[in-house]
Amino acid sequence: MPALRMRVRVGVAVGALMAALTGTATTAHGAEAAADPTDGWTQKSYTYSMQKPYNLDLSERYSYNSGTKTHTMWVNSTDEPFEEGSSTNPRTEMRWKNDYTSGKQMWDADVYIPSGTNGADIMQILRTKRPSGTPATDIMFRASSANGGTLKRYTNETIKTGIYNTWWNLKVAHDASAGTIQVYADDKLVLTADDRGPATRYFKNGVYHHGSGRAEARFRNVQYWVK
């Protein structure tokens, strides 16, 4: 038995050494534990304003549960835009006040999309000040009804399927200095993409609706990280 205990202690020591060298945790049995995407990041406070159909009270399209810290936003395809005279689609969104041009920024939240939400962008990095002729967003994530609810980057790469009526975690990390964006679904890296070039940008989340009918999204444990 002393020899067995010695082998276990050696195994743990080797695991600790490997973790120090590689940045991953290793168990006594040799299995690697995935690093948390927020390792090495610093959580920061954030502020935001709300955008909603201009002719409606905010309470008609948004609610907040302080007990569960859940933001719920919804909009109908027949709603007015957020500003009178705007040609944009209807929306109810949190507009973050984290305008940035460089460095590393991460948006992090648990997300719940009720069934029936189809054609709504639930999160985006908006390029508020950008060179003429360049796109308005670095990235957007659109929910559709396919495969029990599917989230895609625009209408291209699939981020996650089976998203309807369940909570799951979405993280979007933007290295504005390097021009890259990494997307995590339930802490698993699912996409690395280039941004659209230099700009001043900020985060948004909610529902920006391109489809028909009602669109809704809920967010809890909303966090902001920098590095």
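The protein chain contains one helix and 17 strands. The structure described here is a predicted model. Of the 227 residues in the protein chain, 42% are buried. Among contacts in the protein chain with a separation of 6 or more, 64% are between residues 24 or more positions apart. The accessible surface of the protein chain is about 11300 Å², and carbon and sulfur atoms account for 49% of that area.

Seven of the strands are arranged in an open sheet with the order 4-7-16-9-10-11-12, and their pairing is antiparallel. From one strand to the next, the twist averages 20°. In general, the strands of a sheet pair through backbone hydrogen bonds, in either a parallel or an antiparallel manner. Within this sheet, strand 9 (residues 120–129) is joined to strand 10 (residues 137–144) by six bridges, and the two run antiparallel. Isoleucine 125 has isoleucine 139, in strand 10, as its bridge partner.

Aspartate 121 is also located in strand 9. Its relative accessibility is 1%, and aspartate 121 therefore counts as buried, the cut-off for this class being under 20%. The side chain of aspartate 121 makes a polar contact of 2.5 Å with the side chain of histidine 210. When residues up to four places away in sequence are not counted, aspartate 121 touches Met140, Phe141 and Arg142, together with Gly206, Val207, Tyr208 and His210.

Salt bridges were examined next. Side chains of opposite charge can pair when their charged atoms come close. The whole structure contains 15 salt bridges. In one of these, the side chains of arginine 61 and aspartate 79 meet at 2.8 Å, N to O. Arginine 61 is in the loop between strand 4 and strand 5 (62–65), whereas aspartate 79 is in the loop between strand 6 (70–76) and strand 7 (91–96); the pair therefore ties together parts that are 18 residues apart in sequence. Arginine 61 has a relative accessible area of 11% and is buried. Aspartate 79 is buried too, with a relative accessible area of 14%.

A salt bridge of 2.6 Å, N to O, is formed by the side chains of lysine 171 and aspartate 187. This pair links distant parts of the chain, 16 residues apart: lysine 171 belongs to strand 13 (residues 167–175), and aspartate 187 to the loop between strand 14 (180–185) and strand 15 (188–194). Lysine 171 is buried, at a relative accessible area of 5%, while aspartate 187 is partly exposed, at 34%.

The side chains of aspartate 195 and arginine 201 form a salt bridge of 3.5 Å, N to O. Both aspartate 195 and arginine 201 are buried. Through salt bridges that share partners, Arg127, Asp138, Asp195 and Arg201 are joined into one network.

Notes:
Residues numbered from 1 in each chain as written. Predicted model: local features only at pLDDT ≥ 70, side-chain atom pairs only at ≥ 80, totals over all residues. Heavy atoms only, no water. Helix = DSSP H or I, 4+ residues; strand = E, 2+ residues; numbered from the N terminus. Buried < 20%, exposed > 50% of the residue type's maximum accessible area, 1.4 Å probe, protein only. Polar contact = N/O pair within 3.5 Å; in protein donor to acceptor, adjacent residues only side chain to side chain. Contact = heavy atoms within 4.5 Å. Pairing = 2+ DSSP bridges. Axes fitted to C-alpha atoms, helices over the stretch in contact; angles between N-to-C directions. Areas by Shrake-Rupley, 256 points an atom, 1.4 Å probe, with all protein chains shown as cover. Salt bridge = Lys/Arg side-chain N within 4 Å of Asp/Glu carboxyl O.
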